[in-house]
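Here are my notes for anyone opening this one for the first time. Have a look at the structure, then read the points in order.

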Amino acid sequence: MLEVEVERADQIESALEMGAEMLLLDNFPADEVRLAVKQIAGRVPVEVSGGVTLENVRSYAEAGPDYIAVGALTHSAPAIDISLEIDG
């Protein structure tokens with residue numbers, strides 16, 4: 001599946017014309033997601049990412065995308081340093 005990231009609503013039609021099978025709306029405010037979802041009108045699935053937090057995810061969900069990526073889930077996870085050594 002070809003997913004295309006768009007950063008502005010004026011990129012949506014071009015992405016669809018070029019064969020996008022899914023759109024990722026990057027850093028759209030929730031009210032703009034609602035308008036974009038209407039514009040896309042079910043032609044392809046829609047994912048939102050960027051600016052989504054656990055505090056505002058409900059407003060994004062209510063805007064109508066098919067998928068939501070919440071970076072806060074991984075940004076706050078502690079990192080661990082792992083290495084792999086192979087003796088041959």
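Predicted model: local features only at pLDDT ≥ 70, side-chain atom pairs only at ≥ 80, totals over all residues.

1. The largest nonpolar core holds 20 residues, and V6, I12, L23, L25, V33 and I40 have the most contacts inside it. Helix 1 (12-17), strand 2 (22-26), helix 2 (30-40) and strand 3 (46-49) each put in at least two residues. Helix 2 gives the largest share of this core, with 5 residues.

2. Now pick out L25, which sits in strand 2. Is L25 buried or exposed? L25 has a relative accessible area of 0%, and buried means under 20%, so L25 counts as buried. Setting aside neighbours within four places in sequence, L25 is in contact with V6, V33, A36, I40, V46, E47, V48 and S49. L25 and E7 are 18 residues apart in sequence, yet their C-alpha atoms are 6.2 Å apart in space.

3. For contrast, go to R58, in helix 3 (residues 57-62). The relative accessible area of R58 is 62%, and the cut-off for exposed is over 50%, so R58 is exposed. R58 and V6 are 52 residues apart in sequence, and 22 Å separates them in space, C-alpha to C-alpha.

4. Stepping back, the protein chain has 4 helices and 4 strands, and along the sequence they follow the pattern β-α-β-α-β-α-β-α. The radius of gyration is 17 Å, well over the 12 Å that the globule rule gives for 88 residues, so the protein chain is more spread out than a compact globule. Its C-alpha atoms fill a box of roughly 55 × 35 × 20 Å along the principal axes.

5. A few whole-chain figures to jot down. Buried residues make up 30% of the 88 residues. Of the contacts between residues at least 6 apart in sequence, 29% join residues at least 24 apart. The protein chain exposes about 6,200 Å², with carbon and sulfur atoms supplying 52% of that area.

6. Last, the charges. How many positive and negative charges does the protein chain have? There are 5 positive and 17 negative charges, and their mean positions lie 15 Å apart.

Terms used:
Residues numbered from 1 in each chain as written. Heavy atoms only, no water. Core = buried A, V, L, I, M, F, W, Y, C linked by side-chain atoms within 4.5 Å. Buried < 20%, exposed > 50% of the residue type's maximum accessible area, 1.4 Å probe, protein only. Rg over C-alpha atoms; globule rule 2.2 N^0.38 Å. Contact = heavy atoms within 4.5 Å. Areas by Shrake-Rupley, 256 points an atom, 1.4 Å probe, with all protein chains shown as cover. Lys, Arg positive; Asp, Glu negative; His and termini not counted. Charge placed at Lys NZ, Arg CZ, Asp CG, Glu CD.
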